[in-house]
Amino acid sequence: MKKIVLVIAFVVVTVSATFAQNFAYVNSEYILKHIPEYTSAQKQLDDLSQKWQQDVDQQYAEIEKLYKAYQNDQVLLNEDMRRRREDEIVKKEKDVKDYQKQKFGFEGELFKQREKLVQPIQQRVSKAIQDLAQAQSLDIILDRGQEVTFLYANPKLDKSNDVIIKLGLKPNPALAN
């Protein structure tokens, strides 16, 4: 009986300690939309990505032309010429894949540019969130961005506008969508 009372007391104390923590959440996407440097950096990255994708598409179109010409001429070519054309097509496909990896792959140029342009902004936001948490004695701040799903969140716990103000910007509810 004494053990059951101790276990119940322990559970009650643990549950009360859990509810005593201060929670809040922010919407990082909403916050980032308020930062002009982020919008500008995102546009630069999108433009760069589009340019490189056009280069890739153009190279694949050239490979497709080579392949069709090879198929049309295949009957007329001797074994050596066929092999050379096939090798040329395979080499061009490999070159395009290497180019894609160089531009879009992990540690590629797009990744490095994103790191260079966006990371300092994210660090500023993170610092503002940490400062807010300390100033308001918050134990946990969750991000309501695209990754986390809230079934219900009390709007009073949303500290996104506080972070935006801390960054020296003015909250704009129209950007919440």
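The lining of the largest pocket draws at least two residues from each of H2, H3 and H5. H5 makes the largest contribution to this lining, with seven residues. The model is predicted: local features require pLDDT of at least 70 and side-chain atom pairs count only at pLDDT 80 or more, while totals for chains, interfaces and linings use all residues. Residues are numbered from 1 along each chain as its sequence is written, and side-chain values use heavy atoms, with hydrogens and water left out.

A pocket is an open set of points on a 1 Å grid over the protein atoms alone, where a 1.4 Å probe fits, with protein on both sides within 12 Å along at least five of seven lines; lining residues have an atom within 4 Å of a point. Volume is the space filled by probe spheres set on the points, which are joined across faces, edges and corners. Residue classes count Ala, Val, Leu, Ile, Met, Phe, Trp, Tyr, Cys and Pro as nonpolar, Asp, Glu, Lys and Arg as charged, and the others, Gly among them, as polar.

| Pocket | Volume | Lining by class |
|---|---|---|
| Largest pocket | about 250 Å³ | four nonpolar, five polar, four charged residues |
| Second largest pocket | about 150 Å³ | four nonpolar, three polar, two charged residues |

Of the 13 residues lining the largest pocket, Ser28, Leu32, Tyr38, Val118 and Gln122 are the closest to its centre. The lining of the second largest pocket includes Tyr25, Asn27, Tyr30, Arg144 and Asp158.

Tyr38 also belongs to the buried residues of H3, together with Ala41, Leu45, Trp52, Val56, Ile63 and Tyr70. Buried here denotes under 20% relative accessible area, with a 1.4 Å probe and protein chains only. Their cover includes helices H2 (28-33), H4 (79-104) and H5 (109-135). Helix H3 itself comprises 38 residues, 36-73, and spans 55 Å from its first C-alpha to its last, close to the expected 56 Å. That expectation is 1.5 Å times one less than the number of residues.

In the protein as a whole, six helices and two strands are assigned, in the order α-β-α-α-α-α-β-α from the N terminus. Helices (H or I, at least four residues) and strands (E, at least two) are DSSP runs. Of the 177 residues, 23% count as buried. Contacts (heavy atoms within 4.5 Å) between residues at least 6 apart in sequence join residues at least 24 apart in 79% of cases.

Methods: Buried < 20%, exposed > 50% of the residue type's maximum accessible area, 1.4 Å probe, protein only.
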